[in-house]
Amino acid sequence: MIGSSPTSAQEGTAIELVARFVALYEELDHRQLYRLGELYHPQACFIDPLHRVEGLDNLTHYFEGLYRNLQQCRITIHDQMVSDDQAALYWTMELNHARLNGGRTVSLDGHSHLKFNALIHYHRDYFDAGQMLYEQLPLLGTLIKAVKKKAAP
């Protein structure tokens with residue numbers, strides 16, 4: 001556990017909320033987006049390297065756009081640290097998008113920082129946007145990979 005020492009009731013609630021989060025995200029697709037309200041506060045803030053979204057309605061709309069363009073997306077959560085009011089989750093996302101990597105699977109490691117009371121009010125994802133997008137584009141990807149190779153020791 002990270003953070004201050006929670007009471008057993010607080011800890012149980014946090015662990016249950018994070019378990020529900022993991023269960024939803026590991027099966028999340030466009031048909032499950034209505035369930036985001038089970039986890040997120042109506043004024044929740046979601047941040048990733050590409051966007052900042054305020055509010056559950058806007059978050060649902062943002063995810064609808066993401067899933068509309070994906071052929072497949074699978075998230076596997078490998079590890080988690082949970083305290084009474086926040087959690088860190090470490091994951092791998094595998095996605096297929098017709099315009100990225102020739103439609104082949106792109107694998108992306110990242111982590112999420114969640115803050116919550118009864119519901120999640122802050123969710124920030126950390127991942128390498130270059131790895132996810134720019135490196136998967138035909139011309140730009142080749143250039144970025146060449147620069148990374150030159151910069152490596």
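## Guided tour of the fold

Visitor: What makes Asp 79 count as partly exposed?

Guide: Its relative accessibility is 48%. Buried means under 20% relative accessible area and exposed means over 50%, with partly exposed in between (1.4 Å probe, protein chains only). Asp 79 therefore counts as partly exposed.

Visitor: Before we go on, what kind of model is this?

Guide: It is a predicted model, in which local features need pLDDT of at least 70 and side-chain atom pairs count only at pLDDT 80 or more, while totals for chains, interfaces and linings use all residues. Residues are numbered from 1 along each chain as its sequence is written, and side-chain values use heavy atoms, with hydrogens and water left out.

Visitor: Thanks! Where does Asp 79 lie, and which residues does it touch?

Guide: Asp 79 is part of strand β3. Setting aside residues up to four places away in sequence, Asp 79 touches Ala 88, Leu 89 and Tyr 90; contact here means heavy atoms within 4.5 Å. Within the sheet, Asp 79 stands opposite Tyr 90 of β4. Asp 79 and His 111 are 32 residues apart in sequence, yet their C-alpha atoms are 9.4 Å apart.

Visitor: How do you know what to call a helix or a strand, and how many are there?

Guide: Both are DSSP runs numbered from the N terminus: helices are H or I over at least four residues, strands are E over at least two. By that rule the chain has four helices and six strands, in the order α-β-β-α-β-β-β-β-α-α from the N terminus.

Visitor: How do you know that β3 and β4 are paired?

Guide: Two strands pair if DSSP finds at least two bridges between them. β3 and β4 have 10 bridges, in the antiparallel sense, so they meet the definition. Next, β5 and strand β6 (residues 120-127) run antiparallel with seven bridges. A hairpin of three residues connects β5 to β6, and Lys 115 stands opposite Tyr 122 in β6.

Visitor: What order do the strands take in the sheet, and why are β2 and β3 said to stand at the edges?

Guide: The six strands form an open sheet, β2-β1-β6-β5-β4-β3, with mixed pairing. β2 (52-54) and β3 each have a single partner strand, so one side of each is left without a neighbour in the sheet.

Visitor: Which residues of β5 lie on its covered face?

Guide: In strand β5 (residues 106-116), the covered face holds Val 106, Leu 108, Gly 110, Ser 112, Leu 114 and Phe 116. The uncovered face has Ser 107, Asp 109, His 111, His 113 and Lys 115. In a regular strand, side chains alternate between the two faces of the sheet.

Visitor: What makes a group of residues a nonpolar core, and how many residues are in the largest one?

Guide: A nonpolar core is a set of buried Ala, Val, Leu, Ile, Met, Phe, Trp, Tyr and Cys residues joined through side-chain atoms within 4.5 Å. The largest here has 37 residues, and Phe 21, Tyr 25, Tyr 40 and Phe 63 have the most contacts inside it. Helix α1 supplies its largest share, seven residues. The contacts of Phe 21 include Leu 39, Tyr 40, Ile 77 and Leu 114.
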